[in-house]
Amino acid sequence: MRKTVISFALTALFSALCASAQAQQPKKVPRIGYLTSVGSAPNEAFLQGLRDLGYVEGKNILIEFRTTGGKSERRPELAAELVRLKVDVIVADTASEVTAAKNATATIPIVMRGVADPIASGLVATLAHPGGNVTGIATLAPELSGKRLELLKEVIPKLSRVALLTPPSQAWRTTIEETEVAAQALGLKLQILQARGADELEGAFDAAKKQRAEALVQVQATALLPHQSRIIELAAKNRLPTMYFNRRSVEIGGLMSYGHDGLYQNRRVASMVDKILKGRKPADIPVEQPMKFEFAVNLNTAKQLGLTIPPNVLARADKVIK
């Protein structure tokens with residue numbers, strides 16, 4: 001009887017010790033891989049979106065940040081590095097980064113932070129049913145092309161020739177087609193300008209001048225993002241009223257911008273990361289398109305170009321820089 005009691009006590013003590021050891025074992029902290037071509041840290045709006053969902057970097061979430069620094073040849077290497085680190089999910093900025101990540105892994109979930117047309121880029125099967133390990137935000141919105149041209153036409157009533165600045169890539173085929181349709185509806189002649197980087201920008205603006213373009217629309221492209229200041233300088237030098245894709249370009253001297261609300265977009269990306277960390281598969285998370293847009297105007301730049309922004313246009317602006 002005594003042996004039975006001792007045996008029972010030892011068993012209970014062993015079970016208690018095991019339970020205590022298990023309780024003391026730290027929980028696995030999820031790790032996010034973040035792949036981009038620009039910046040020196042993850043997007044702050046994205047981080048705030050995570051904080052709103054209860055994630056605090058360094059406490060209950062870890063972020064492995066990798067940037068190419070504008071060197072596109074580093075994308076495959078950095079994507080492979082994130083895969084080796086066995087991150088739980090990869091957030092990738094644009095089509096180039098997403099493609100590099102997708103080539104590096106078919107199992108780790110990937111969330112696009114802003115790809116113009118993921119179907120044309122071959123990243124997802126459909127927006128409603130992505131079908132693979134990629135989901136996220138598709139920034140292509142059919143109404144953007146028409147709205148940007150309409151705003152330019154309102155500011156420059158006699159506008160007849162507009163140039164569209166894009167990289168030379170098939171990924172922009174849909175955007176070009178939509179802009180051509182919108183231009184035709186407004187009675188505008190559209191000129192396509194293509195540039196891969198800084199060394200081709202001046203030639204693109206020379207071509208616009210030669211063909212007597214009266215305004216310019218710039219698409220949101222990773223290849224052009226590092227050269228945004230130079231594009232704005234060339235637009236001013238050539239006295240070419242330009243419509244940009246984000247408010248930041250207007251804040252540093254661009255004339256106007258109309259595009260998706262970046263804060264809202266990044267919060268949606270954070271929400272998708274949260275769903276994946278809680279067990280959802282990217283194949284079952286529909287790709288989202290922008291729901292909120294913002295319009296910005298720089299009155300100083302308008303004055304330098306000799307333009308008067310009509311009051312009814314200013315009244316619709318979310319941000320006016322004086």
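Biologist: Which residues does aspartate 93 touch, not counting those up to four places away in sequence?

Modeller: Bear in mind that this is a predicted model. Aspartate 93 touches Tyr34, Leu35, Thr36 and Ser37, plus Arg113, Gly114 and Val115.

Biologist: And where does aspartate 93 lie?

Modeller: Aspartate 93 is in the loop between β3 (89-92) and α4 (95-104).

Biologist: Is aspartate 93 buried or exposed?

Modeller: Buried, because its relative accessibility is 8% and the cut-off for buried is under 20%.

Biologist: OK, on to α4. At what angle do α3 and α4 pack?

Modeller: About 50°, with the axes of α3 (residues 75-84) and α4 8 Å apart. The two helices are therefore oblique to each other, and their crossing is right-handed.

Biologist: Which residues make that contact?

Modeller: From α3 you have Arg75, Pro76, Ala79, Ala80 and Val83. On the α4 part, Ser96, Glu97, Ala100, Ala101 and Ala104 take part. They divide into seven nonpolar, one polar and two charged.

Biologist: Switching topic: what about α2 and α10, how do their axes cross?

Modeller: The axes of α2 (residues 44-52) and α10 cross at roughly 50° and come within 8 Å. That makes α2 oblique to α10. The crossing of α2 and α10 is right-handed.

Biologist: Who's in the contact of α2 and α10?

Modeller: α2 brings Ala45, Phe46, Gly49, Leu50 and Asp52, while α10 brings Leu263, Asn266, Arg267, Val269, Ala270 and Val273.

Biologist: Why does aspartate 274 count as buried?

Modeller: Because its relative accessibility is 9%.

Biologist: Next pair. How do the axes of α7 and α8 cross?

Modeller: At roughly 25°, and the axes of α7 (residues 198-210) and α8 (residues 228-237) come within 10 Å. That makes α7 roughly parallel to α8, since angles under 35 degrees count that way. The crossing of α7 and α8 is right-handed.

Biologist: Which residues make the contact of α7 and α8?

Modeller: Leu201, Glu202 and Phe205 of α7 meet Arg230, Ile231, Leu234, Ala235 and Lys237 of α8. The residues in this contact are five nonpolar, no polar and three charged.

Biologist: What about a real glycine: where does glycine 254 lie?

Modeller: In the loop between α9 (247-251) and β10 (256-260). Glycine 254 is buried, with a relative accessible area of 1%.

Biologist: What's glycine 254 in contact with, leaving aside neighbours within four places in sequence?

Modeller: Ile232, Tyr244, Ser249, Asn298 and Thr301. Glycine 254 is also 9.0 Å from alanine 302, C-alpha to C-alpha, with the two 48 residues apart in sequence.

Biologist: Last one, valine 250. Which helix is the place of valine 250?

Modeller: Helix α9. At 0% relative accessibility, valine 250 counts as buried.

Biologist: How many residues apart in sequence are valine 250 and isoleucine 321?

Modeller: 71, while in space their C-alpha atoms are 8.0 Å apart. Ile321 is one of the residues valine 250 is in contact with, leaving aside neighbours within four places in sequence. That list also includes Leu255, Met256, Ser257, Ala296, Val297 and Asn298.

Notes:
Residues are numbered from 1 along each chain as its sequence is written. This is a predicted model: local features need pLDDT of at least 70, side-chain atom pairs count only at pLDDT 80 or more; totals for chains, interfaces and linings use all residues. Side-chain values use heavy atoms; hydrogens and water are left out. Axes are lines fitted to C-alpha atoms, for helices over the stretch in contact, and angles run from 0 to 180 degrees between N-to-C directions. Helices (H or I, at least four residues) and strands (E, at least two) are DSSP runs, numbered from the N terminus. Angles under 35 degrees count as roughly parallel, over 145 as roughly antiparallel, 65 to 115 as roughly perpendicular and the rest as oblique. A crossing is left-handed if the near helix is turned anticlockwise from the far one by less than a right angle, and right-handed if clockwise. Contact means heavy atoms within 4.5 Å. Ala, Val, Leu, Ile, Met, Phe, Trp, Tyr, Cys and Pro count as nonpolar, Asp, Glu, Lys and Arg as charged, and the others, Gly among them, as polar. Buried means under 20% relative accessible area, exposed over 50%, partly exposed in between (1.4 Å probe, protein chains only).
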